[in-house]
Amino acid sequence: MDFTSLASKERVQLGEFSIDVRRSLETDSRPVIVLLHGIGVSGTYFLPFADVLARHFDVRVLDLPGYGEAPRPDRALSPTELADVVAKYLEKIMVGPAIIVGQSMGCQTATRLALHHPSLCKKLILIGPTVNKWERNRFMQAIRLLQDTFNETLKVNSVIFGDYMRMGFFRYLRTSKYMIEDHLERYLPRVEVSVLIVRGSNDVIAPRRWITYLAERANNARTAEVEDAPHVVQFIKPKELFEACEEFLLK
């Protein structure tokens, strides 16, 4: 995939961990927006959305440790540990508070970042957040993931499953344990920044009932929905997703 507004990946060493970062070519004094991927995948599935965002923001698409081609730690990392890695990156580049966007399990990482490192987070966008509290077990998550593959395009599935293969089955399983045990609805209410929670209208992993429940528990949250879009809405309908987020992002 060729996105002319984004630079090639660069590797960044952060203590014992390394991440890969792709950023927008034009940065100047634009606000920084950081995109955090979900379980098993890399930031590649964010690139269509990142390309749209790069017209307005200094975009940073991260591949966290053990994801994509980023070096693998000797163990799987929890959302809290991943959030600490993101915090080290933001401290390293010294850009001040950034807009943090998470998708799927990346929502848990993003929210942990806002909770434990509030000075680094300006506002949050959570896209298709996991894990639906009424289906918090591996069996139901596997069923929903399978259902979602039939809603996604062949191109999306090829990107996602390529990343899954790179991560490996056992590391994925260990990470999924952390994901399921991390109850987003318990700590999102303690986050002080404004939150936008978005889903595709066909998202079986993050149903409307779950999104509404999260927003009602948060201090300052609103919801949005992109019509006829599945879980990976940022790849399928990046322009429509931006339109759903535009007022929240630019005000």
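## Charges over rings

Let's start with arginine 112, whose charged end sits over the ring of tyrosine 187, 3.7 Å from the ring centre. Keep in mind as you look around that this is a predicted model.

## Helix H10

Phenylalanine 248 belongs to the buried residues of H10, along with Pro238, Leu241, Phe242, Cys245 and Leu249. The helix spans residues 238–250 and has a bend of about 45° at alanine 244.

You will find glutamate 227 in the loop that links strand S8 (221–226) to helix H9 (233–236). Apart from neighbours within four places in sequence, glutamate 227 is in contact with Ser201 and Lys237.

## Aromatic pairs

Across the whole structure, a search finds 7 aromatic pairs. In one of them, phenylalanine 161 and tyrosine 164 have ring centres 5.4 Å apart and planes at 90°, so this pair is edge-to-face. Both residues lie in helix H5 (residues 154–167), 3 residues apart, which is about one turn of the helix. Phenylalanine 161 is partly exposed, at 37% relative accessibility, while tyrosine 164 is buried at 15%.

Tyrosine 164 also pairs with tyrosine 172: the centres are 5.2 Å apart and the planes are at 70°, so this pair is edge-to-face too. Both of these tyrosines are buried. Elsewhere, Trp134, Trp210 and Tyr213 form one aromatic cluster.

Notes. Residues are numbered from 1 along each chain as its sequence is written. This is a predicted model: local features need pLDDT of at least 70, side-chain atom pairs count only at pLDDT 80 or more; totals for chains, interfaces and linings use all residues. Side-chain values use heavy atoms; hydrogens and water are left out. The bend at a residue is the angle between axes fitted to the seven residues ending there and the seven starting there. Helices (H or I, at least four residues) and strands (E, at least two) are DSSP runs, numbered from the N terminus. Buried means under 20% relative accessible area, exposed over 50%, partly exposed in between (1.4 Å probe, protein chains only). Contact means heavy atoms within 4.5 Å. Rings of Phe, Tyr and Trp (its six-membered ring) pair if their centres lie within 6.5 Å; planes under 30 degrees apart count as stacked, over 60 as edge-to-face and the rest as tilted. A charge sits over a ring if NZ of Lys or CZ of Arg is within 6 Å of the ring centre and within 35 degrees of the ring normal.
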